[in-house]
Amino acid sequence: QVQLVESGGGLVQAGGSLRLSCVASGGAFNSLRMGWFRQAPGKEREFVANFAWGNSFTNYSGSVKGRFTISRDVAKNTVYLQMNSLKPEDTGIYYCAAQTRREVDFGSWGQGTQVTVSS
């Protein structure tokens with residue numbers, strides 16, 4: 001199974017920026033489909049951004065499109081989430097996820113990193 005470790009969360013004022021990182025191990029990074037999800041207090045986990053299979057395209061939720069950017073560094077087995085123009089409603093625990101070709105959905109998850117945006 002793929003192991004994922006996130007970092008980069010923290011407390012930031014509205015309008016600020018953060019960059020989350022997720023290091024993957026235990027799998028061939030180039031063969032994984034990577035994504036970011038988040039869970040706000042009292043709400044279910046929701047999709048934020050991911051790479052499509054083949055890593056040629058990216059997908060974003062409507063609430064973050066234009067503000068967040070997902071990227072990856074193959075040499076470092078790392079996927080990033082650059083978050084700009086943060087809003088209080090972006091507050092939550094952010095999770096990195098990985099999917100292998102044998103899985104029908106994301107099967108590996110990190111422990112999460114807390115992002116808090118103050119107004």
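Which hand does the disulfide of Cys22 and Cys96 have, and what is the torsion about its S-S bond? The disulfide is left-handed, because the torsion about the S-S bond is about -80°. This is a predicted model, in which local features need pLDDT of at least 70, side-chain atom pairs count only at pLDDT 80 or more, and totals for chains, interfaces and linings use all residues. Residues are numbered from 1 along each chain as its sequence is written, and side-chain values use heavy atoms, with hydrogens and water left out.

**Disulfide**

- The structure holds one disulfide, a term used for a pair of cysteine sulfur atoms within 2.5 Å.
- Cys22 and Cys96 form the bond, with an S to S distance of 2.1 Å.
- Distant parts of the chain are linked by this pair: Cys22 sits in strand β3 (residues 18–25) and Cys96 in strand β9, 74 residues apart.
- Strands here are DSSP runs (E, at least two residues), numbered from the N terminus.
- Cys22 is buried, since its relative accessible area is 0%.
- Cys96 also counts as buried, at 0% relative accessibility.
- Buried means under 20% relative accessible area, exposed means over 50%, and partly exposed lies in between (1.4 Å probe, protein chains only).

**Nonpolar core**

- In soluble globular proteins, nonpolar side chains tend to be buried together.
- A nonpolar core is a set of buried Ala, Val, Leu, Ile, Met, Phe, Trp, Tyr and Cys residues joined through side-chain atoms within 4.5 Å.
- The largest such core has 26 residues, and Met34, Trp36, Leu81 and Met83 touch the most other members.
- At least two residues each come from β3, β4 (33–39), β5 (46–51), β7 (68–73), β8, β9 and β11 (113–118).
- β3 gives the largest share, four residues.
- Beyond four places in sequence, Leu81 has contacts that include Leu18, Leu20, Trp36, Val48, Phe68, Ile70 and Tyr94.
- Contact means heavy atoms within 4.5 Å.

- Thr91 lies in the loop between β8 (78–83) and β9 (92–99).
- With a relative accessible area of 17%, Thr91 is buried.
- A polar atom of the Thr91 side chain is 2.9 Å from the backbone oxygen of Pro88.
- The Thr91 side chain also reaches the backbone nitrogen of Val117, at 2.9 Å.
- Both are polar contacts: pairs of N or O atoms within 3.5 Å, where within protein one must be able to donate a hydrogen and the other to accept it, and residues adjacent in sequence count only if both atoms are side-chain atoms.
- Not counting residues up to four places away in sequence, Thr91 touches Ala40, Pro41, Gln114, Val115, Thr116 and Val117.

- Gly9 is placed in the loop between β1 (3–7) and β2 (10–13).
- Gly9 counts as partly exposed because its relative accessibility is 32%.
- Its contacts, leaving aside neighbours within four places in sequence, are Leu20, Thr113, Gln114 and Val115.

- Asn77 has a positive phi of about 50°, although it is not a glycine.
- Asn77 is in the loop between β7 and β8, and counts as partly exposed at 27% relative accessibility.
- Ser85, likewise not a glycine, has a positive phi near 50°.
- Ser85 belongs to the loop between β8 and β9, and is partly exposed at 42% relative accessibility.
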